Protein chains: 2
Amino acid sequence: MKTLTVDLGERSYPIFIGQGMLGSAELVKPYVQGTQVLIVTNETVAPLYLQQCEKAFADFDTHSVVLQDGEQYKTLEELNKVFDALIGNRFDRKCTLVALGGGVIGDMTGFAAAAYQRGVNFIQIPTTLLAQVDSSVGGKTGVNHPLGKNMIGAFHQPECVIIDTDTLNTLEDRQLSAGLAEVIKYGLIVDLPFFEWLEENLEKLLARDPQALSEAIERSCQNKADIVAKDEKEAGLRALFNLGHTFGHAIEAGMGYGVWLHGEAVSAGTMQAVYMSMLMGDLTSEDEKRIAKILDRANLPIMPPSVEEMSKQKFLDLMAGDKKVQAGTIRLVLLKAIGQAYVTGDYPYELLEQTLDEFRS
Amino acid sequence: MKTLTVDLGERSYPIFIGQGMLGSAELVKPYVQGTQVLIVTNETVAPLYLQQCEKAFADFDTHSVVLQDGEQYKTLEELNKVFDALIGNRFDRKCTLVALGGGVIGDMTGFAAAAYQRGVNFIQIPTTLLAQVDSSVGGKTGVNHPLGKNMIGAFHQPECVIIDTDTLNTLEDRQLSAGLAEVIKYGLIVDLPFFEWLEENLEKLLARDPQALSEAIERSCQNKADIVAKDEKEAGLRALFNLGHTFGHAIEAGMGYGVWLHGEAVSAGTMQAVYMSMLMGDLTSEDEKRIAKILDRANLPIMPPSVEEMSKQKFLDLMAGDKKVQAGTIRLVLLKAIGQAYVTGDYPYELLEQTLDEFRS
């Protein structure tokens, strides 16, 4: 088992990465406050891992709630089921919530923990690659609004993150690929050597080689932890994680939540950002081909929806609602080079339009 | 105009108390971040003060949303109207929300500000006595759940609190009395001289003497600010503000939100706490009579609902869901003497039952 730390002073917490940890009572015990535990999971994960997870919390007064699976259920309404379970079982302020599932479950459970009685503890047990390398670390929590992703939420850090790579054995191929989009992102934004490592090891990752997966998760989490420690509330640096996300969130909302997986939308959105970085004169067409190649090898879409599916105007409308917008300007994460991202609102608007016009299947 | 300060380090903020401040652009300007302002109010307050309030924010891109009036609308569902307005108007992270109304509007607007894009600024402009002396100060925000008051929320401090006592001129008598319940509370829990001042000046307050109201509001806010500065997140001391609230919240939920006003339920709940403090051997029956007298003079109920309206068991069930409950124990705020409250979970349970049995109309 490897342990990383997210360094946030008093609110620092460990990320445990290893195999066969899901039922370990010893591992979780120091991170449970009080006596009451609510495991929040979904209908896909529950039959696979809920029983095993409950074992780890057998010494506590443990309940569970099973939500519907999918980004389309990441709503205030579905969240209310968690509050119903908490209040129905008379959970007090010293209770602990456990997020057992992918990014949607982690984000919703974290927000429920942030808001229940104005804040209780929670533990992240991510079971998808995407949640393990990205959403479970860093304390961003929330739900979607029909007009925008993660518009309602809180910064609320977990007590610990438990990444049991065994859970990836049951992950659908499509979900594994979606997670790889976020893994590749770290290479693109700040870590060229990691990007090169990924180019060499992608087949191993797709074949679910435990060693390679563990390495990819560790390096991703380390990158995330380093940046979160420097910029917890996204005053600057942290926005780099949103490479491909402003385009990608528009795709998710525009096509209907759940139609494109988040990682798929990020992949296509990354290519849009890459195309625009090329128009900006920073990336070469060799860079573009190299990035498209690794995403394609990871079985990820490298083109946004067609103009018929999503007009330029629809893209612009949805992007104008992005959380990075300031004073009407759509701020974008672009690349100076592979391994070197930056955030900017200062670009010729026509280059954004050109990207949305030209870069289409 | 008088200015008090809630001393919370970096998040310190002023409370302005005076007359004719509602339309003052100068006053609000330093506390508005960015260019977008959303005023949240309700159908009762909007026709009275919305136009005037909008004047103060005329230099900004100002919108407003009007919610339904009443504790029964303090729900996640109603809150969604605020998010709809924010997202529909493309409000970004630098926007400012303004709560124009009573405690329900303040709590809901504060929570919307806490959760929108994971946190934006807000300003409190309380227009009821209750909100002016209590809920607008201290950063507690939230909504109700059918099974418990304020169960879903956040600690989120405003940028400033603007208390224009002119708004009390249009307040219903019943609402004025409800506010006095919280004013009297400060005397009971920590401030005997203020309690004595209230005994002397109650008629002036009921007659809405501006001088007396201003004095009562200032002393209440000062008490609140002092304790919040010492215990922002209610680790201890701050729980004293909940004198009468554990009983009172049960009355509000048990009778149906909106049937008893919050201040009315707090008044009857305070008398229950007083009766129990007498059973505990701390208060004398003279103390009890004295407290009942001032609440009665303020036209507040001094008896909880009858046994037929709310059984002992219903009380206990609802109190067991209170936010102060820890490990199954209902923690209560009781009085050692007038002006001296304490929080305890260590009391003979039969005294609580006796209180719920005997102290009834």
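## Basis of the description

Residues are numbered from 1 along each chain as its sequence is written, chains are lettered from A and ligands numbered from 1 in the order in which they are written, and side-chain values use heavy atoms, with hydrogens and water left out. Because the model is predicted, local features need pLDDT of at least 70 and side-chain atom pairs count only at pLDDT 80 or more, whereas totals for chains, interfaces and linings use all residues.

## Relation of the two chains

The same surface serves both copies, since 100% of the contact residues of chain B recur in chain A; contact means heavy atoms within 4.5 Å.

Strand E2 (residues 13–18) of chain A has six of its six residues buried, so it is largely enclosed by the rest of the structure. Buried means under 20% relative accessible area, exposed over 50%, and partly exposed in between, with a 1.4 Å probe and protein chains only. Strands (E, at least two residues) and helices (H or I, at least four) are DSSP runs numbered from the N terminus. In a regular strand the side chains alternate between the two faces of the sheet. In E2(A) both faces are covered: A:Tyr13, A:Ile15 and A:Ile17 are buried on one side, and A:Pro14, A:Phe16 and A:Gly18 are buried on the other.

E2(A) pairs with strand E1 (residues 2–6) of chain A in the antiparallel sense over five bridges; two strands pair if DSSP finds at least two bridges between them. A:Tyr13 in E2(A) is the bridge partner of A:Val6. The hairpin of E1(A) and E2(A) has six residues between the strands, and A:Gly9 in this hairpin takes a positive phi near 60 degrees. E2(A) also pairs with strand E9 (residues 161–164) of chain A, in the parallel sense over four bridges, and A:Gly18 stands opposite A:Asp164 in E9(A).

## Two further hairpins in chain A

Strand E7 (residues 140–145) of chain A is mostly covered, with six of its six residues buried. Five bridges pair E7(A) in the antiparallel sense with strand E8 (residues 148–155) of chain A. The hairpin that joins E7(A) to E8(A) passes through two residues, and A:His145 stands opposite A:Gly148 in E8(A).

Strands E10 (residues 332–337) and E11 (residues 340–344) of chain A run antiparallel and are joined by five bridges. A:Leu335 stands opposite A:Ala341 in E11(A). Two residues lie between the strands of the hairpin of E10(A) and E11(A), where A:Gly339 takes a positive phi near 95 degrees.

## Cavities

On a 1 Å grid over the protein atoms alone, a cavity is a set of points where a 1.4 Å probe fits but cannot get out, and lining residues have an atom within 4 Å of a point.

The largest cavity is lined by 13 residues, of which A:Gly148, A:Lys149, A:His249, A:Leu318 and A:Asp322 lie nearest its centre. The elements giving two or more residues to this lining are E8, helix H9 (245–255) and helix H12 (312–319) of chain A. H9(A) supplies the largest share, four residues.

## Loop and helix residues in chain B

Most residues other than glycine have a negative phi. B:Glu234, not a glycine, has a positive phi of about 55 degrees. B:Glu234 is found in the loop between helix H8 (210–230) and helix H9 (245–255) of chain B and counts as buried at 8% relative accessibility. B:Asn299, also not a glycine, has a positive phi of about 60 degrees and counts as exposed at 58% relative accessibility.

B:Ala229 is found in helix H8 of chain B and counts as partly exposed at 32% relative accessibility. The C-alpha atoms of B:Ala229 and B:Val6 are separated by 6.3 Å, although the two residues are 223 residues apart along the chain.

Notes: On a 1 Å grid over the protein atoms alone, a cavity is a set of points where a 1.4 Å probe fits but cannot get out, and a pocket is an open set with protein on both sides within 12 Å along at least five of seven lines; lining residues have an atom within 4 Å of a point.
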